[in-house]
Amino acid sequence: MENTQAGVLVLQPMPEFKMDAYDAAAGKYKEVNSDDYKGKWSVICFYPADFTFVCPTEIAAMNSQLDTIKGELGCDVLAISTDTKFSHKRFVETEPLLKDLKLTIGADTTGEVARKFGVMIEGAGIALRGRFLVNPDGVIVAQEVQAPPVGRSVEEFIRQIRAHQHAHETGEVCPAGWRPGKKTLPVNTDAENMTGRVGDYITIEEILS
């Protein structure tokens with residue numbers, strides 16, 4: 001399968017887009033665009049196709065954590081595939097895992113949006129599993145792209161949201177595997193003393209705990 005070059009969009013502005021969508025919470029079609037996701041934390045999440053096998057497991061997992069992702073962390077979610085809005089509606093209505101779905105699913109029928117994000121598989125007409133976290137400044141701060149056979153972890157994604165929000169708000173940086181309550185690295189106040197001496201601030205045991 002031939003795909004477009006999946007470039008690195010981290011630290012770049014979120015691409016502009018507009019498309020039809022199916023709002024599963026309302027049970028209605030609507031139009032969505034990039035302006036809807038500016039000025040807030042948001043995730044733009046591509047998946048290959050409706051009526052496949054791994055995709056409903058990912059969508060259901062994300063939906064199950066919406067109280068945390070959207071309610072607690074204030075992060076909007078837009079799922080996208082190259083299927084039509086009509087396919088999205090039928091998919092939601094027939095797949096048992098998607099019962100009580102509250103997500104909006106964008107219909108990128110031409111693949112234009114997937115191309116802007118660098119995740120279009122041209123030969124197949126579908127998108128890679130691409131997930132992009134956007135901060136309130138409209139800048140992409142995290143990007144994860146995987147081949148279709150393997151689903152992504154919603155728990156790891158929630159950890160990343162928390163870490164990026166903390167770094168954005170405090171100026172501190174988060175070591176590997178950081179979660180709330182664990183040590184950060186205060187480079188915003190002690191960068192000179194920390195240089196070459198990170199091990200004085202945190203141990204490998206603390207990092208892996």
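**Rings and burial, checked against the cut-offs**

Phe-17 counts as buried, at 5% relative accessibility. This is a predicted model, where local features need pLDDT of at least 70, side-chain atom pairs count only at pLDDT 80 or more, and totals for chains, interfaces and linings use all residues. Residues are numbered from 1 along each chain as its sequence is written, and side-chain values use heavy atoms, with hydrogens and water left out.

Me: Why is Phe-17 called buried?
Reply: Buried means under 20% relative accessible area (exposed is over 50%, partly exposed in between; 1.4 Å probe, protein chains only). Phe-17 comes in at 5%, so buried it is.

Me: What makes Phe-17 and Phe-117 a pair, and why is it called tilted?
Reply: Rings of Phe, Tyr and Trp (its six-membered ring) pair if their centres lie within 6.5 Å; planes under 30 degrees apart are stacked, over 60 edge-to-face, the rest tilted. Here the centres are 6.4 Å apart and the planes at 55 degrees, so the pair is tilted.

Me: And what makes Phe-46 and Phe-117 tilted?
Reply: Their planes are also at 55 degrees, with centres 5.2 Å apart, so that pair is tilted as well. Phe-46 is buried at 0% relative accessible area, and Phe-117 at 1%. Ring pairs link both into a cluster with Phe-17, Tyr-37 and Phe-132.

Me: How do you know that the charged end of Lys-85 sits over the ring of Tyr-29?
Reply: The rule wants NZ of Lys or CZ of Arg within 6 Å of the ring centre and within 35 degrees of the ring normal. The charged end of Lys-85 is 5.0 Å from the centre of the Tyr-29 ring, and it counts as sitting over it.
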